[in-house]
Amino acid sequence: MRINVVTIFPSFFDVLEVSLLGKARGRGLLDVRVHDLRDHAHDRHRTVDDTPYGGGAGMVMTPEPWGLALDAIAADADSRPVFVFPSPAGERFTQSTARELADSPHLVFGCGRYEGIDERVFSYAATLGEVRLISLGDYVLNGGEVAAMAMIEAIGRLVPGVVGNPESLVEESHEDGLLEYPSYTKPASWRGYDVPDVLLSGHHGKVAEWRHEQQLERTKQRRPDLLD
C-alpha cells in the first residue's frame with residue numbers, strides 16, 4: 001500500500017518510523033511519503049493561507065499550493081488515489097471505514113490547518129480520484145495531523161503482513177460490532193485480584209462462551225449505542 005501525506009508539519013510523521021508501521025515500511029509492505037505543502041508555495045514567505053471571503057475569524061488554506069501538491073502526487077501514481085481529508089464536517093471514522101480504506105492501493109491524506117482548506121480543493125481532488133472527508137469524532141483538533149496519524153495506524157495494521165498474527169485482528173474491539181473481552185496473563189493471582197476460573201479451566205468452549213458474554217456486558221455498560 002502506498003500512502004502520501006500532505007502537511008505543513010512533515011516532521012510530525014517521523015513517528016511512523018517506529019513500532020509495527022516502521023517495520024512494515026522497512027519490509028516494503030507500506031510505502032509512506034510525507035510532503036511539505038509549503039514546497040508548493042512560491043512566494044518568499046511560503047504562504048499557504050489567507051483571509052476568508054465573507055469575513056470571519058482565522059485564516060483559510062489557499063487552493064493553489066494544494067492543487068500543485070495533488071497534481072504532483074497524482075502524476076506519480078499507478079492508480080487513481082483515494083484522497084482522505086480529516087475534517088470535523090466529515091463522515092465518522094470506524095473500524096469498517098479502516099477496512100474499506102485498507103483495500104485501497106493508494107491513499108493520500110491532506111492535513112488542513114487554521115479554519116480549514118478552501119472548499120474548491122475537494123472538488124478539484126475529485127477529478128483526480130475519490131475524495132472522502134472523515135472525522136475521528138465530534139470534536140475539533142488544531143489540524144489534521146493527529147487524525148491522519150490515527151487513521152494511518154488503524155488502516156496500516158490491517159494491511160496483510162503488517163501484524164504478525166492475523167487472528168489477533170479478528171478478536172479486537174469493533175471487529176464484530178462489540179467491544180473486546182477482558183484479557184489476563186500470568187500470574188493467576190496478583191495483589192488480591194484473581195484471573196477468572198474459566199480461563200484456567202482449559203475448556204475452550206466455555207472460554208469462548210465466557211468471552212462472548214463479557215463482550216456483550218462490556219458493550220452494554222460502555223457503548224450501548226453499538227448494541228442498537
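How many salt bridges does the count come to in this chain? The count comes to eleven, where a salt bridge is a side-chain nitrogen of Lys or Arg within 4 Å of a carboxyl oxygen of Asp or Glu.

Before we look at them, a word on the model. This is a predicted model, in which local features need pLDDT of at least 70 and side-chain atom pairs count only at pLDDT 80 or more, while totals for chains, interfaces and linings use all residues. Residues are numbered from 1 along each chain as its sequence is written, and side-chain values use heavy atoms, with hydrogens and water left out.

**The chain as a whole**

You will find nine helices and nine strands here; helices (H or I, at least four residues) and strands (E, at least two) are DSSP runs, numbered from the N terminus. The C-alpha atoms fill a box of roughly 70 × 40 × 35 Å along the principal axes. Of the 228 residues, 39% are buried. In this report buried means under 20% relative accessible area, exposed over 50%, and partly exposed in between (1.4 Å probe, protein chains only). Among contacts (heavy atoms within 4.5 Å) with a separation of 6 or more, 76% join residues 24 or more positions apart.

**Salt bridges**

| Asp76 | Arg2 | 3.1 Å |

Take the salt bridge between Asp76 and Arg2. Asp76 lies in the loop between α2 (63-75) and β5 (82-92) and Arg2 lies in strand β1 (residues 2-7), so this pair ties together parts that are 74 residues apart in sequence. Asp76 is partly exposed at 43% relative accessible area, whereas Arg2 is buried at 12%. Both residues also belong to a network of salt bridges that links Arg2, Asp31, Arg33 and Asp76.

Glu145 is buried, with a relative accessible area of 0%, and Arg113 counts as buried at 19%.

**Helix α2 and its cover**

Which residues of α2 are buried? They are Pro65, Trp66, Gly67, Ala69, Leu70 and Ile73. An α-helix has 3.6 residues a turn, so residues three or four places apart point the same way. The cover over the buried residues of α2 includes β1, β2 (31-36), β4 (60-61), β5, β6 and α4.

**A serine in β7**

Finally, have a look at Ser135, found in strand β7 (residues 130-135). Ser135 is buried, with a relative accessible area of 6%. Leaving aside residues up to four places away in sequence, Ser135 touches Ser87, Pro88, Gly90, Glu91, Arg92 and Phe93.
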